[in-house]
Amino acid sequence: MFFRKKKEQQIETAIQQRAADQSYWANVKRQFWKNRVAVWSLRVFYVILFIAIFADFLSNERPLVCKLDGKLLFPVLKQYTVSAGLSSWDEKFVTTPWHEHHYEFAVWPPIPYSSTTIDKKNRNFTSPFNKQEVKSWRWHHLLGTDELGRDVAAGMIHGTRIAISVGVIAMTIASVIGILLGSLAGYFGDDNLQMSRIRLILNLLGLVLGFFYAFVARAYALGAGAEESGFMVPFLISLGIFTAIMVAANLLASVLKQVPGLSSRVNIAADILVMRLIEVFNSIPGLLLILSIVALTKPSIINVMIIIGFISWTSIARFIRAELLRIRNLEYIEAAQAMGFSEARIIFRHAIPNALTPVLITIAFGIASAILTEAFLSFLGIGVAAEEVTWGSLLNLARTKFQAWWLAIFPGTAIFITVTIFNLIGEGLTDALDPRLKQ
Amino acid sequence: MFKYILQRLIIFLPTLLAVSLVAFALSKLAPGDPVELLLKGQASESGQKASVQAYEEVARRLGLDLPVFYGALSTAAYPDTLYKIVKKSERQNLDKLISQYGNWPQISGYYLALKQLEANTQNIVADSASYLAKNTVSRQVKELLLNHKDGKITYALAEIQKIMPDSGVITQLKPLTNQLNAGYNKIKAEATPHKNYIPDIKWYGFKNQYHRWITNFFKGNFGYSYLDSRPVGSKIWDALRWTLIINFISIILAYLIAIPIGVSTAVKKDTPYDRIVTTLLFILYSLPSFWIGTLLIVFFTTPEYSPFLDWFPTGGVTDLPESTPFFTRALDIMHHLVLPVFCVTYGSFAFISRQMRGGMLTVVRQDYIRTAKAKGLEEKTIVWKHAFRNSLFPVITLFAYIFPAAIAGAVTIEVIYSIPGMGKLAVDSIIARDWPVVFTILMFAAILTMIGNLAADLLYALADPRVSYSKK
């Protein structure tokens with residue numbers, strides 16, 4: 001994950017050199033399908049995605065379907081309504097563990113444990129091959145247990161969900177930032193982005209005022225006030241205030257633009273600004289920075305995802321910029337401009353959709369690297385709540401007990417396979433994008 | 001070219017500034033009080049008064065009695081002298097009171113009365129009758145200093161009031177407690193929360209914590225660790241030695257193995273040998289080093305699985321004391337470093353091999369190689385004399401990319417094998433919130449990354465005359 005810069009340069013030049021090709025997307029698809037390894041990686045990815053999405057149905061301490069006291073219940077499904085606050089469990093389910101009820105019949109998930117279920121009888125690292133104290137083979141801990149007696153297989157499935165969501169959420173954030181800034185730089189270049197002076201001034205003012213009213217004046221609500229009610233709601237209100245002030249500033253600018261004298265236009269060197277920003281971000285030692293930010297915030301996997309996203313947008317921005325530099329000179333963009341479409345419409349409806357393919361490459365590599373970063377953070381025990389089970393935290397347990405080889409092998413293999421298939425998909429896309437790069 | 005270097009160097013400044021601001025902001029947002037962290041090392045319960053003095057002295061030495069930054073965007077309710085209250089927990093509590101009521105004059109009156117009460121309570125020589133009362137009062141005063149919620153404050157005030165009438169010496173505090181009660185009622189009665197919605201820009205000048213910190217950094221004075229009060233510079237130097245040793249060995253090893261493998265796979269392109277080696281290299285490249293590190297330490301450092309696999313020590317750099325003869329000690333260190341060096345090496349080795357193979361393949365396709373073949377030169381001469389030399393230089397320039405990456409990558413391995421290097425120091429300091437060390441490491445890592453990137457780009461231009469940075 002550290003040597004990607006070199007590769008990026010190669011791909012970037014390739015994008016610039018490539019001539020416009022009409023059936024480009026179809027061509028990329030055909031090339032990709034020729035690459036058997038990449039196609040198989042994609043299939044493995046579908047399997048992993050399936051596990052991540054249906055994790056609750058694959059490993060759960062609750063039965064999928066059961067009949068208790070003459071009533072038919074669907075506890076796994078009901079859990080969703082309970083965690084949404086729509087219903088609640090009966091008293092007996094809260095006080096007695098799920099495994100200990102006397103069901104008339106029950107269909108259990110393939111792995112009848114949740115990642116947090118503690119099996120007291122099989123504490124202290126029970127090996128998968130040793131004799132376990134379980135009712136029958138159905139309750140055997142297939143991949144062993146950890147010190148507390150939590151099932152490793154269940155932890156692996158829960159970890160799949162976390163790994164995939166880290167990759168997806170971090171890269172979604174990175175893509176939004178990267179595509180916005182990159183297309184701004186690529187489409188407008190250094191001398192095509194102009195706005196009226198009053199709009200520039202009002203926007204700057206809006207930034208300051210928005211920051212003040214959203215965050216400074218609400219410091220109490222966001223800090224001490226959030227201790228009981230949770231941080232998310234006040235934070236969203238703050239964001240809303242900020243957006244409202246920015247919108248108001250721009251509306252005001254649209255009105256005041258009519259006033260003579262305020263409408264003179266200023267040029268904004270978008271390309272230089274964005275490229276400098278990218279250079280600044282690239283010089284920041286990412287891992288150390290993530291470590292120090294994550295160590296401060298309350299341990300939560302969401303924070304880790306957000307921070308990784310905010311740090312890894314630069315390569316996406318560079319790719320989009322390179323693509324848009326090429327696209328903005330094409331005839332269809334000129335035609336759209338001649339027809340009087342707004343700049344926003346041209347960028348979002350016409351330019352960006354044609355520039356997205358190479359971004360897929362960075363996203364594939366980016367997901368691999370985000371998963372690796374998260375695994376490493378939870379391996380160090382930083383940034384993830386202690387009771388949260390992830391691949392990295394499972395692997396970390398192996399360091400506390402050398403006898404527990406199953407904790408060293410299985411989570412590591414999962415990390416390795418996931419990272420590798422995303423790398424392979426990325427390579428496949430790179431080759432499909434430009435066969436000349438194939439070495 | 002010169003202009004390009006200058007341009008890049010100018011970028012250094014805002015980047016360093018950005019990193020320093022982020023690090024500084026993090027250190028300020030971090031929960032916990034650095035002064036208390038420092039004092040914990042020399043905790044001596046020699047009376048409360050002494051501890052207050054010690055606190056203020058340490059705070060002054062760390063420069064914590066200065067304003068935080070050059071200026072601030074804050075609310076009109078916020079006074080510009082709040083930084084003078086050095087005790088962090090009390091300052092934060094006042095901050096919350098201001099956010100609630102927005103009337104600093106009243107709050108400051110209340111706070112002064114509270115401090116006065118605290119001091120007077122301590123000065124009272126309690127007899128047996130008032131001993132309990134004194135304790136209650138000083139405990140409640142402490143509560144008051146740290147609480148901002150109405151319920152808790154009212155409760156504490158009521159407790160103090162309750163203890164007053166029948167407690168001998170304590171009754172002489174009566175006027176003060178009355179003043180305190182009046183002060184708190186005044187805060188509530190004359191609240192001006194609307195002031196919290198009026199923006200106000202304050203300017204503190206150059207005598208501030210950030211300025212002090214950053215100027216000292218560029219003067220080479222990195223401050224002292226909060227944990228053990230050692231100079232940060234010497235702490236980092238001790239750690240850097242190990243990281244450098246490991247990385248130099250591993251980079252040299254990586255190049256020594258990678259270059260022949262890269263060349264041979266390129267020469268035998270599309271043979272089974274090439275396919276197998278290339279696949280292996282790809283797998284090596286994708287193997288997360290913290291996994292391999294864990295596997296090796298689990299299987300090869302204990303007799304757990306088989307007495308024949310207990311090959312290496314479990315962690316650290318050496319078990320021998322400083323006094324052992326140099327040679328024995330060096331051998332022991334080598335023994336300790338085998339696994340860590342392997343873990344650091346294999347990733348960059350795989351990467352360099354792949355690049356070497358790619359470089360060779362592009363060169364082999366060139367016309368002059370075909371010419372050399374046509375005129376009947378020996379295969380060996382063509383490969384090593386004509387092709388190899390031309391494809392070697394770009395691979396060497398990779399060094400500049402690898403070096404900063406290696407420093408960052410060392411975090412993993414050093415933590416797993418508990419090697420007292422930069423990476424472990426960084427992680428430990430981050431967890432312990434030892435900000436002077438974290439700040440310095442972050443800055444150095446940024447400088448190193450930037451120099452590495454610049455060197456890589458320049459070497460690249462040197463290696464390939466078609467790349468030019470002077471145009472445009």
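Here is a short walk through a two-chain model, from chain A to its contact with chain B and then to two spots in chain B.

Before you click, note that this is a predicted model, where local features need pLDDT of at least 70, side-chain atom pairs count only at pLDDT 80 or more, and totals for chains, interfaces and linings use all residues. Residues are numbered from 1 along each chain as its sequence is written, while chains are lettered from A and ligands numbered from 1 in the order in which they are written.

Select chain A. Its C-alpha trace spans about 80 × 60 × 45 Å along the principal axes. You'll find 19 helices and five strands (DSSP runs numbered from the N terminus: H or I of at least four residues for helices, E of at least two for strands). Of its 439 residues, 40% count as buried (20 or more other C-beta atoms within 10 Å of a residue's own; exposed is 12 or fewer, partly exposed is in between, with C-beta atoms placed from the backbone).

Now bring in chain B. The contact takes 44 residues from chain A and 51 from chain B (C-beta atoms, placed from the backbone, within 7 Å). On the chain A side, elements giving two or more residues include α1 (4–17), α8 (197–216) and α19 (405–433).

Next, pick Asp270(B), in the loop between α10 (232–267) and α11 (272–286) of chain B. Its phi is near 70°, positive in a non-glycine residue. Asp270(B) counts as exposed because it has 9 C-beta neighbours inside 10 Å.

Last stop: Arg433(B), between α16 (422–432) and α17 (435–463) of chain B. Phi here is near 55°, also a positive value in a residue other than glycine. Arg433(B) is buried, with 21 other C-beta atoms within 10 Å.
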